[in-house]
Amino acid sequence: MVSPVIQLENFQFRWPLAQQDCLDIDSLVVMPGEHVFLHGPSGSGKSTLLGILGGVHIPQTGAVTILGQQLNLLKGTARDRFRADHIGFLFQQFNLIPYLSVLENVLLPCRFSQYRRNNIKGDMAQEAHRLLKALDIHADLWLRPVTALSVGQQQRVAAARALIGKPEIIIADEPTSSLDAQRQRAFLDLLMQECATASATLMFVSHDQRLAASFDRKVALDEINRVSRQT
Amino acid sequence: MSMKYLLVLAARSAWNRKLTLGLTVMAVALSVTLLLGVERLREQAHKGFSLSVSGTDLIVGARTSPVQLMLYAVFRVGEATNNISWSSYEKLAQQPLVAWSVPISLGDSHHGFPVLGTNQDYFKHYHYGDNLALRFAAGRPFSSTFDTVLGAEVAERLGYKLGSRITLSHGMGLGGLPEHKDKPFVVTGILKPTGTPVDRTVHVSLEAISAIHLDWAGGIQPPGFHIPQEYVRKFDLQPKEITAALIGLKSRAAVFRVQRAVNENKDEALLAVMPGVALEQLWQVVGVAEKSLLAVSVIVVVVSLSGLVAVIMAGLNERRRELAILRSVGAQPREILMLLTYEGVFVTLAGIVIGLALLSGVTIGAAPIMQEKFGVAMTMSLPSIGEFKLMGAVMLIGLLASLLPAYRAYRLSLADGLTPRV
């Protein structure tokens, strides 16, 4: 029997000093290799949920289990290591460290995670080259500063960074919202293809329903979140 | 996560902001230059002071306090309350352990500069600094009664050359003093600068001191009583008493024995002091001024380091995104703390190194002027222990100061998580 990659059970999360809960979710289970489209209007707590999956925020009640590990039982340092080992993050924009080269940016997770370093058979730089090539970043750009890149190129470099060292989960938070429609399509295809190659689970967060079609599973956050909102 | 990679990250990040951080480095560097410069001058001044006399084992005068004796015998400040008799001096000079002795006689002045009566041995045995002998910029030691040798500052300030004629005043001080104007002196020698009280001294022979006072009694020249200059040679110019004597011993090991013998002398109340010890006591008093100068430059360093804190703090908000990215790829808040601490340490370290380099440059540039004008030898050498201590202290304060923005970054990265709420 295959065990779930992400398992949220009956949890509530409230920001410090807030009057009411931000998230109150009964259950969310994601199986290995699934590509999940998580959508919801802005302010529905998408980013907070990702913070919880990444172990940055800890829910007040309930359990968050990632890859069989209950995150709220880990200490801060261990949660940081767990995140670095098993989750690749990809954000809306400004994903890259401006003073590092393209290649150095891609290699960053390997600097912080022994696990992801060990997942690479052979040379780290060669693996980075392979990913960059697969994500259509020309070799001329690899040693250039990231500021020389277009926004679309930057997002693909960030994707390579999220994928390097084969983390089991890729969390992408509105990664296409700074791209035009045509590039969104191309980027999404590349990302999904590479996730499939690495057999990684993809959590794709967006408020843009047009992208949902490519996903085999769609989750609407405001449907599973029991917190009633005044709008 | 290796420490080494954090260092690389910190360096790359700092380089990315090189303009603002560079200005901060310069501020720290200048304050370090000032601090070390003051410390170096202070050490030089102390060294110069404690080497105002060197090679002299004992200074002997009438019984008084050691500091008092040093004040008038070496620095020509104040007046001797008592003199020592010529016979006591002669007995002392003939002791078997004594290698050489130089008698000195004070009491007169020239335009506020003290006049020192001595003999030619003074130019041979009076050493200063690192056992340096007096050297002549022009001329030679006095040979006849009304010859005089000027210290470098006297000659420069009063514009005297070889052959200038000067008259001496009776007593020490400025203005209103009776003049020995019937007996002028001729400048036969001018000394090179030494950075010691010698520069401010007018040297004449002991016989000259006797000669100008032949027709004086009780501090004035009695009216109608005058011995013209050309007749003084007919008188016995052997001094009856002197103010003090510099003593050199055949063996330094005998210094305590001779000192005790002098201090226990039955015929006349005498005092022998070791110049090094007494100068050190005196420095305790006059060194306070330099200490307060050092205190001011310490404040300048603290101000420049608070500038460093302000610059790093101000930059933090723009770097929240960067810190969040690092968190998302696995950096722990503790590592964010270290990253920011490294930055402050880099800036402080760079400031210290550049400050030291600047100081060395200034030292090299100023050395010839210092040597020529003040007789202070500024040598290029490794920083002294005192300077190393100061640099260590600056480093420590820099480290503590950089913990402030580092702690703020730590708090921010805890609060921001992966998505900075800017």
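## Angle convention and model

Angles between axes are taken between N-to-C directions and run from 0 to 180 degrees. The structure described here is a predicted model.

## Domains of chain B

Chain B is split into two parts: domain 1 covers 3-49 together with 287-416, and domain 2 covers 52-286. Between the C-alpha centres of domain 1 and domain 2 of chain B there is a distance of 50 Å.

An open sheet in chain B is built from 4 strands, ordered 3-14-1-15, with antiparallel pairing. Its edges are strand 3 (98-104) and strand 15 (270-273) of chain B; each has a single partner strand, so one side of each lacks a neighbour in the sheet. On average, and ignoring direction, neighbouring strands in this sheet are turned by 20° against each other. Strand 3 of chain B is joined to strand 14 (residues 244-249) of chain B by 6 bridges, the two strands running antiparallel. B:P103 is placed opposite B:A245, a residue of strand 14 of chain B.

Two helices of chain B lie across strands of this sheet. Helix 8 (residues 255-263) of chain B lies across strand 1, strand 14 and strand 15 of chain B, and runs at about 160° to strand 15 of chain B. Helix 3 (residues 66-73) of chain B lies across strand 1 (58-62), strand 3, strand 14 and strand 15 of chain B, with an angle of about 80° to strand 15 of chain B.

## Packing of helix 10 and helix 13

Helix 10 (residues 288-316) and helix 13 (residues 385-416) of chain B pack with their axes 10 Å apart and at an angle of about 20°. Angles under 35 degrees count as roughly parallel, and helix 10 and helix 13 of chain B are therefore roughly parallel to each other. The crossing of helix 10 and helix 13 of chain B is right-handed.

Residues in this contact include B:V301, B:L305, B:V309 and B:I312 from helix 10 of chain B, and B:I397, B:A401, B:P405 and B:R408 from helix 13 of chain B. By class, the contact between helix 10 and helix 13 of chain B has 15 nonpolar, 3 polar and 1 charged residues.

## Contact between chain B and chain A

Chain B gives 17 residues to the contact with chain A, and chain A gives 23 residues. On the side of chain B that touches chain A, the elements giving two or more residues are helix 1 (3-16) and helix 11 (320-328) of chain B. Helix 1 of chain B gives the most, with 5 residues. By class, this side of chain B has 7 nonpolar, 7 polar and 3 charged residues.

Technical notes: Residues numbered from 1 in each chain as written. Chains lettered and ligands numbered in written order. Predicted model: local features only at pLDDT ≥ 70, side-chain atom pairs only at ≥ 80, totals over all residues. Parallel < 35°, antiparallel > 145°, perpendicular 65-115°, else oblique. Left-handed = near helix turned anticlockwise from the far one by under 90°. Contact = placed C-beta atoms within 7 Å. Nonpolar A, V, L, I, M, F, W, Y, C, P; charged D, E, K, R; others polar. Domains from an automatic or database assignment. Pairing = 2+ DSSP bridges.
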